[in-house]
Amino acid sequence: MTTPSDDAARPVPARVVLPADPVLGHPEQEVVARWWRRRQTEAGWVYLVGLPSYQGREDGGVEAAGYRVWVRAAQHVRPMDGVDHDQVPT
């Protein structure tokens, strides 16, 4: 998991759209993620989101983890009703 050292703010929940996989026959899916940051680029807005994941432990067990990734805003992130998105650092 990537953990930027300057993340003093708490993330807000957002829905992240995962693309469909026609080869495996999986439809597009939405997962609730943590929205950490937003940045405007020449190509448009991108958001740093933390997706839920799992990782293996040395003893063979599995534990919850997270994976942070930058995604294109409009194509992959949907706001959640009742959540103040102005809290997300720019």
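Arginine 68 lies over the face of tryptophan 36, 3.5 Å from the ring centre. This contact comes from a predicted model.

**Fold**

The chain has 90 residues, and 28% of them count as buried. Its C-alpha trace spans about 40 × 35 × 30 Å along the principal axes. One helix and five strands make up its secondary structure. Read from the N terminus, the elements run β-β-β-β-α-β.

The five strands form an open sheet. Their order across the sheet is β4-β3-β2-β1-β5, with antiparallel pairing. Strands β4 and β5 sit at the edges, and each pairs on one side only. Strands of a sheet pair through backbone hydrogen bonds, either parallel or antiparallel. In this sheet, β1 and β2 are joined in the antiparallel sense by seven bridges. Alanine 14 stands opposite alanine 33, which belongs to β2.

| Strand | Residues |
|---|---|
| β1 | residues 12–18 |
| β2 | residues 29–41 |
| β3 | residues 44–56 |
| β4 | residues 62–72 |
| β5 | residues 77–78 |

**Aromatic pair**

How many aromatic pairs does the structure hold? There is one. Tryptophan 35 and tyrosine 47 form this pair, with 4.3 Å centre to centre. Their planes stand 40 degrees apart, and the pair is tilted. The tilted class applies because planes under 30 degrees apart count as stacked and those over 60 as edge-to-face.

Why does this pair tie together parts that are apart in sequence? Tryptophan 35 lies in strand β2 and tyrosine 47 in strand β3, so the pair links parts that are 12 residues apart in sequence. Are tryptophan 35 and tyrosine 47 buried or exposed? Tryptophan 35 is buried, and tyrosine 47 is buried as well.

**Largest pocket**

The largest pocket holds about 170 Å³ of space. Its lining comprises 11 residues. Arg34, Gly50, Leu51, Pro52 and Gly66 lie nearest the pocket centre. Which elements give two or more residues to the lining of the largest pocket? They are β2, β3 and β4. Strand β2 supplies the largest share of this lining, with four residues.

By residue class, the lining of the largest pocket divides into seven nonpolar, two polar and two charged residues.

Notes: Residues are numbered from 1 along each chain as its sequence is written. This is a predicted model: local features need pLDDT of at least 70, side-chain atom pairs count only at pLDDT 80 or more; totals for chains, interfaces and linings use all residues. Side-chain values use heavy atoms; hydrogens and water are left out. Rings of Phe, Tyr and Trp (its six-membered ring) pair if their centres lie within 6.5 Å; planes under 30 degrees apart count as stacked, over 60 as edge-to-face and the rest as tilted. Buried means under 20% relative accessible area, exposed over 50%, partly exposed in between (1.4 Å probe, protein chains only). A charge sits over a ring if NZ of Lys or CZ of Arg is within 6 Å of the ring centre and within 35 degrees of the ring normal. Two strands pair if DSSP finds at least two bridges between them. On a 1 Å grid over the protein atoms alone, a cavity is a set of points where a 1.4 Å probe fits but cannot get out, and a pocket is an open set with protein on both sides within 12 Å along at least five of seven lines; lining residues have an atom within 4 Å of a point. Grid points are joined across faces, edges and corners, and a volume is the space filled by probe spheres set on the points. Ala, Val, Leu, Ile, Met, Phe, Trp, Tyr, Cys and Pro count as nonpolar, Asp, Glu, Lys and Arg as charged, and the others, Gly among them, as polar.
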